[in-house]
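Here are my notes for your first look at this model. Keep the structure open and find each residue as you read.

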Amino acid sequence: SDAGMNYFDCSTGYVGGMSEVWTGRAVQARRGEAYVSSKTQYGRAPSESAVRAAIENSLKKMGLEYFDYYQLWGLGSMEMLRDALKKGGFVAGIRKAMADGLVREGLGFTFHGAPEVFRAAVDTGEFLSATVSYNLMKRTEEENIRYAAEKGVGIFVMNPLGGGVLAMTGDQQMSFLTGAGEGPWYGALRFLFANGGVTAALVGVSAPEQIDRDLQALHGEDALT
(Lines give C-alpha, C1' and ligand atoms only; values in the text may rest on other atoms or scores of the structure.)
Protein backbone atom coordinates (compact mmCIF):
# COMPACT_ATOMS: atom_id res chain seq x y z
CA SER A 1 0.00 0.00 0.00
CA ASP A 2 0.99 3.64 -0.17
CA ALA A 3 1.43 3.54 3.62
CA GLY A 4 4.12 0.86 3.37
CA MET A 5 2.21 -2.29 4.33
CA ASN A 6 3.45 -4.92 1.91
CA TYR A 7 3.48 -8.38 3.54
CA PHE A 8 0.25 -10.39 3.57
CA ASP A 9 -0.02 -13.70 5.40
CA CYS A 10 -2.87 -16.09 4.65
CA SER A 11 -3.59 -19.81 4.56
CA THR A 12 -6.00 -22.43 3.33
CA GLY A 13 -7.60 -22.47 6.78
CA TYR A 14 -7.91 -18.89 8.03
CA VAL A 15 -11.42 -17.44 8.21
CA GLY A 16 -12.93 -20.61 6.79
CA GLY A 17 -10.59 -20.44 3.82
CA MET A 18 -11.64 -16.93 2.85
CA SER A 19 -8.34 -15.26 3.76
CA GLU A 20 -6.83 -16.44 0.48
CA VAL A 21 -9.80 -15.19 -1.54
CA TRP A 22 -9.80 -11.77 0.12
CA THR A 23 -6.02 -11.39 -0.06
CA GLY A 24 -5.94 -12.29 -3.73
CA ARG A 25 -8.66 -9.77 -4.48
CA ALA A 26 -6.88 -7.07 -2.47
CA VAL A 27 -3.42 -7.36 -4.05
CA GLN A 28 -4.20 -8.14 -7.69
CA ALA A 29 -4.08 -4.54 -8.86
CA ARG A 30 -0.70 -3.95 -7.19
CA ARG A 31 0.77 -7.44 -7.21
CA GLY A 32 4.34 -6.33 -7.83
CA GLU A 33 4.33 -4.25 -4.61
CA ALA A 34 3.09 -7.04 -2.33
CA TYR A 35 4.73 -10.03 -0.68
CA VAL A 36 2.08 -12.71 -0.38
CA SER A 37 2.54 -15.79 1.79
CA SER A 38 0.32 -18.79 2.28
CA LYS A 39 0.40 -22.29 3.77
CA THR A 40 -1.61 -25.43 4.25
CA GLN A 41 -1.72 -27.91 7.11
CA TYR A 42 1.34 -30.13 6.93
CA GLY A 43 -0.69 -33.31 7.46
CA ARG A 44 -2.59 -32.55 4.28
CA ALA A 45 0.51 -31.88 2.19
CA PRO A 46 3.50 -33.84 3.51
CA SER A 47 4.76 -34.86 0.07
CA GLU A 48 6.16 -33.09 -2.95
CA SER A 49 3.08 -33.82 -5.04
CA ALA A 50 0.61 -32.90 -2.31
CA VAL A 51 2.17 -29.52 -1.55
CA ARG A 52 2.32 -28.77 -5.27
CA ALA A 53 -1.41 -29.47 -5.54
CA ALA A 54 -2.07 -27.26 -2.52
CA ILE A 55 -0.09 -24.38 -4.02
CA GLU A 56 -1.83 -24.65 -7.37
CA ASN A 57 -5.28 -24.81 -5.75
CA SER A 58 -4.56 -21.77 -3.60
CA LEU A 59 -3.24 -19.71 -6.50
CA LYS A 60 -6.31 -20.57 -8.56
CA LYS A 61 -8.59 -19.54 -5.69
CA MET A 62 -6.70 -16.27 -5.27
CA GLY A 63 -6.45 -15.43 -8.95
CA LEU A 64 -2.67 -15.08 -8.65
CA GLU A 65 0.19 -16.54 -10.65
CA TYR A 66 2.69 -16.97 -7.83
CA PHE A 67 3.38 -16.70 -4.11
CA ASP A 68 6.35 -14.83 -2.75
CA TYR A 69 6.67 -17.11 0.28
CA TYR A 70 5.20 -20.47 1.17
CA GLN A 71 5.28 -21.76 4.74
CA LEU A 72 5.86 -25.06 6.47
CA TRP A 73 2.92 -24.55 8.81
CA GLY A 74 3.20 -25.37 12.51
CA LEU A 75 6.71 -26.79 12.78
CA GLY A 76 6.74 -28.34 16.24
CA SER A 77 9.06 -31.33 16.30
CA MET A 78 12.30 -32.74 14.96
CA GLU A 79 10.29 -35.57 13.42
CA MET A 80 8.26 -33.15 11.32
CA LEU A 81 11.41 -31.33 10.25
CA ARG A 82 13.10 -34.57 9.20
CA ASP A 83 10.02 -35.72 7.29
CA ALA A 84 9.72 -32.37 5.49
CA LEU A 85 13.34 -32.62 4.35
CA LYS A 86 13.07 -36.18 3.01
CA LYS A 87 13.43 -36.92 -0.68
CA GLY A 88 10.04 -36.33 -2.28
CA GLY A 89 8.89 -34.39 0.76
CA PHE A 90 7.48 -30.94 1.48
CA VAL A 91 10.75 -29.04 1.00
CA ALA A 92 11.40 -30.78 -2.31
CA GLY A 93 7.96 -29.68 -3.42
CA ILE A 94 8.76 -26.05 -2.62
CA ARG A 95 12.07 -26.25 -4.46
CA LYS A 96 10.24 -27.54 -7.54
CA ALA A 97 7.57 -24.83 -7.19
CA MET A 98 10.35 -22.24 -7.08
CA ALA A 99 11.99 -23.68 -10.16
CA ASP A 100 8.64 -23.44 -11.94
CA GLY A 101 7.98 -19.87 -10.80
CA LEU A 102 5.07 -20.62 -8.47
CA VAL A 103 7.02 -19.46 -5.40
CA ARG A 104 9.30 -16.49 -6.00
CA GLU A 105 11.24 -15.82 -2.79
CA GLY A 106 11.34 -19.11 -0.92
CA LEU A 107 10.26 -21.22 2.01
CA GLY A 108 9.48 -20.18 5.56
CA PHE A 109 8.18 -21.98 8.63
CA THR A 110 5.72 -21.07 11.35
CA PHE A 111 6.88 -22.21 14.74
CA HIS A 112 5.36 -23.72 17.89
CA GLY A 113 8.12 -25.90 19.29
CA ALA A 114 11.23 -26.20 21.42
CA PRO A 115 14.33 -24.01 20.83
CA GLU A 116 16.39 -26.92 19.53
CA VAL A 117 13.81 -27.51 16.76
CA PHE A 118 13.92 -23.85 15.77
CA ARG A 119 17.70 -23.80 15.59
CA ALA A 120 17.82 -27.07 13.65
CA ALA A 121 15.39 -25.63 11.09
CA VAL A 122 17.42 -22.45 10.71
CA ASP A 123 20.62 -24.45 10.39
CA THR A 124 19.28 -26.44 7.42
CA GLY A 125 19.69 -23.32 5.29
CA GLU A 126 16.36 -24.11 3.58
CA PHE A 127 14.31 -21.36 5.21
CA LEU A 128 14.28 -17.65 4.45
CA SER A 129 11.93 -16.80 7.30
CA ALA A 130 10.33 -17.96 10.51
CA THR A 131 6.98 -16.85 11.93
CA VAL A 132 6.86 -16.87 15.72
CA SER A 133 4.49 -15.76 18.48
CA TYR A 134 6.10 -12.79 20.21
CA ASN A 135 4.85 -9.81 22.20
CA LEU A 136 5.44 -7.98 25.47
CA MET A 137 3.59 -10.67 27.40
CA LYS A 138 5.28 -13.56 25.61
CA ARG A 139 9.01 -13.06 25.20
CA THR A 140 10.15 -16.70 25.13
CA GLU A 141 11.16 -16.42 21.46
CA GLU A 142 13.72 -13.65 21.95
CA GLU A 143 16.72 -16.00 21.81
CA ASN A 144 15.32 -17.66 18.70
CA ILE A 145 14.82 -14.26 17.08
CA ARG A 146 18.40 -13.33 17.87
CA TYR A 147 19.67 -16.64 16.47
CA ALA A 148 17.66 -16.23 13.27
CA ALA A 149 19.01 -12.71 12.78
CA GLU A 150 22.58 -13.97 13.11
CA LYS A 151 21.87 -16.52 10.38
CA GLY A 152 20.13 -14.07 8.05
CA VAL A 153 16.65 -15.55 8.55
CA GLY A 154 13.79 -13.04 8.66
CA ILE A 155 11.25 -13.02 11.49
CA PHE A 156 7.53 -12.42 11.05
CA VAL A 157 5.71 -11.90 14.35
CA MET A 158 2.29 -13.41 14.94
CA ASN A 159 0.19 -12.35 17.96
CA PRO A 160 2.02 -9.00 18.16
CA LEU A 161 -0.73 -7.57 20.38
CA GLY A 162 -1.31 -10.72 22.42
CA GLY A 163 -4.57 -11.60 20.71
CA GLY A 164 -5.78 -8.03 21.21
CA VAL A 165 -5.02 -7.79 24.94
CA LEU A 166 -2.24 -5.25 24.34
CA ALA A 167 -4.58 -3.13 22.25
CA MET A 168 -7.07 -2.58 25.08
CA THR A 169 -7.20 1.15 25.58
CA GLY A 170 -8.23 2.39 28.98
CA ASP A 171 -6.76 -0.55 30.88
CA GLN A 172 -4.73 1.03 33.68
CA GLN A 173 -2.47 -2.01 33.93
CA MET A 174 -1.29 -1.20 30.42
CA SER A 175 -0.78 2.52 31.04
CA PHE A 176 3.02 2.13 30.95
CA LEU A 177 2.71 1.39 27.25
CA THR A 178 0.96 4.58 26.29
CA GLY A 179 2.96 7.10 24.31
CA ALA A 180 2.57 10.01 21.92
CA GLY A 181 -0.93 10.47 23.31
CA GLU A 182 -1.90 6.99 22.09
CA GLY A 183 -3.09 3.81 23.76
CA PRO A 184 -1.15 0.71 24.85
CA TRP A 185 -1.15 -0.76 21.34
CA TYR A 186 1.33 2.01 20.43
CA GLY A 187 3.93 0.97 22.99
CA ALA A 188 3.38 -2.73 22.26
CA LEU A 189 4.13 -2.27 18.57
CA ARG A 190 7.02 0.12 19.22
CA PHE A 191 8.49 -2.64 21.40
CA LEU A 192 8.43 -5.04 18.45
CA PHE A 193 9.84 -2.56 15.97
CA ALA A 194 12.73 -1.81 18.35
CA ASN A 195 13.94 -5.40 17.95
CA GLY A 196 16.33 -5.45 14.99
CA GLY A 197 15.65 -9.13 14.38
CA VAL A 198 11.97 -8.53 13.59
CA THR A 199 11.18 -8.17 9.89
CA ALA A 200 7.44 -7.51 10.12
CA ALA A 201 4.51 -7.80 12.51
CA LEU A 202 1.36 -9.58 11.39
CA VAL A 203 -1.19 -7.27 12.96
CA GLY A 204 -4.79 -8.38 12.61
CA VAL A 205 -7.41 -5.70 12.07
CA SER A 206 -11.19 -5.63 12.03
CA ALA A 207 -11.80 -1.99 11.07
CA PRO A 208 -10.10 0.56 8.77
CA GLU A 209 -9.31 2.92 11.65
CA GLN A 210 -7.21 0.19 13.25
CA ILE A 211 -4.95 0.22 10.22
CA ASP A 212 -4.37 3.95 10.62
CA ARG A 213 -3.69 3.42 14.33
CA ASP A 214 -1.12 0.70 13.73
CA LEU A 215 0.66 2.80 11.12
CA GLN A 216 1.14 5.53 13.70
CA ALA A 217 3.17 3.07 15.75
CA LEU A 218 5.10 1.93 12.69
CA HIS A 219 6.17 5.48 11.93
CA GLY A 220 6.65 6.61 15.53
CA GLU A 221 9.87 8.51 16.11
CA ASP A 222 10.30 7.84 19.84
CA ALA A 223 13.01 5.28 20.55
CA LEU A 224 12.80 2.56 23.18
CA THR A 225 15.79 1.68 25.33
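1. Which residues does Glu126 touch, not counting residues up to four places away in sequence? Glu126 touches Leu85, Val91, Arg95 and Leu107. Keep in mind throughout that this is a predicted model. Find Glu126 in the loop between α5 and β5. Its relative accessibility is 24%, so Glu126 counts as partly exposed. Then look across to Phe109.

2. Step back to helix α5, residues 115–123. Which of its residues are buried? They are Val117, Phe118, Ala121 and Val122. Seen down the axis of α5, these buried residues fall within an arc of 135°, so they line one face of the helix. An α-helix has 3.6 residues a turn, so residues three or four places apart point the same way.

3. What do the buried residues of α5 pack against? Strands β3, β4, β5 and β6 are on the list. Helices α3 and α6 are on it too. Trace β3 at 67–75, α3 at 78–85 and β4 at 103–111. Then trace β5 at 127–133 and β6 at 154–158.

4. Now take the pair α5 and α6. Helix α6 covers residues 142–150. The two helices pack at an angle of about 10°, and their axes are 10 Å apart. An angle under 35 degrees counts as roughly parallel, which makes α5 roughly parallel to α6. From α5 come Pro115, Phe118, Arg119, Val122 and Asp123. They meet Glu143, Asn144, Arg146, Tyr147 and Ala148 in α6. By class, this contact has five nonpolar, one polar and four charged residues.

5. Check both ends of α5. Ala114 lies in the loop between β4 and α5. With a relative accessible area of 27%, Ala114 is partly exposed. The C-alpha atoms of Ala114 and Arg82 are separated by 15 Å, and these residues are 32 residues apart along the chain. Just after α5 comes Gly125, with a positive phi of about 75°.

6. Two other residues have a positive phi and are not glycine. One is Val15, with phi near 50°. Val15 lies in the loop between β1 and α1, and it is exposed, with a relative accessible area of 54%. The other is Asn159, with a positive phi of about 60°. Asn159 lies in the loop between β6 and α7. It is partly exposed, at a relative accessible area of 37%.

7. Is Gln71 buried or exposed? Gln71 has 0% relative accessibility, so it counts as buried. Look for it in strand β3. Leave out residues up to four places away in sequence, and Gln71 touches a list that includes Tyr7, Lys39, Phe90, Phe109 and Thr131. Ser37, Ser38 and Ser129 are also among its contacts.

8. Thr40 sits in strand β2, residues 35–41. At 7% relative accessibility, it counts as buried. Leaving aside its neighbours within four places in sequence, Thr40 is in contact with Thr12, Ala45, Ala54, Tyr70 and Trp73.

9. With neighbours within four places in sequence left aside, the contacts of Tyr70 include Thr40, Val51, Ala54, Ile55, Phe90 and Ile94. Tyr70 also belongs to the largest nonpolar core, which has 53 residues. Ile55, Tyr70, Phe90, Phe109 and Phe118 have the most contacts inside this core. Helix α7 gives the most to this core, with six residues. Apart from it lies another core, of five residues, among them Tyr7, Tyr69, Phe156 and Leu202.

10. Finish with α7, residues 184–193. How enclosed is this helix? Nine of its ten residues are buried, so α7 is largely enclosed by the rest of the structure. The buried residues include Pro184, Trp185, Tyr186 and Arg190. What covers them includes α6, β6, β7 and α8. Look for β7 at 200–201 and α8 at 208–218.

Key. Residues numbered from 1 in each chain as written. Predicted model: local features only at pLDDT ≥ 70, side-chain atom pairs only at ≥ 80, totals over all residues. Heavy atoms only, no water. Axes fitted to C-alpha atoms, helices over the stretch in contact; angles between N-to-C directions. Helix = DSSP H or I, 4+ residues; strand = E, 2+ residues; numbered from the N terminus. Parallel < 35°, antiparallel > 145°, perpendicular 65-115°, else oblique. Contact = heavy atoms within 4.5 Å. Nonpolar A, V, L, I, M, F, W, Y, C, P; charged D, E, K, R; others polar. Buried < 20%, exposed > 50% of the residue type's maximum accessible area, 1.4 Å probe, protein only. Arc of directions from axis to C-beta. Core = buried A, V, L, I, M, F, W, Y, C linked by side-chain atoms within 4.5 Å.
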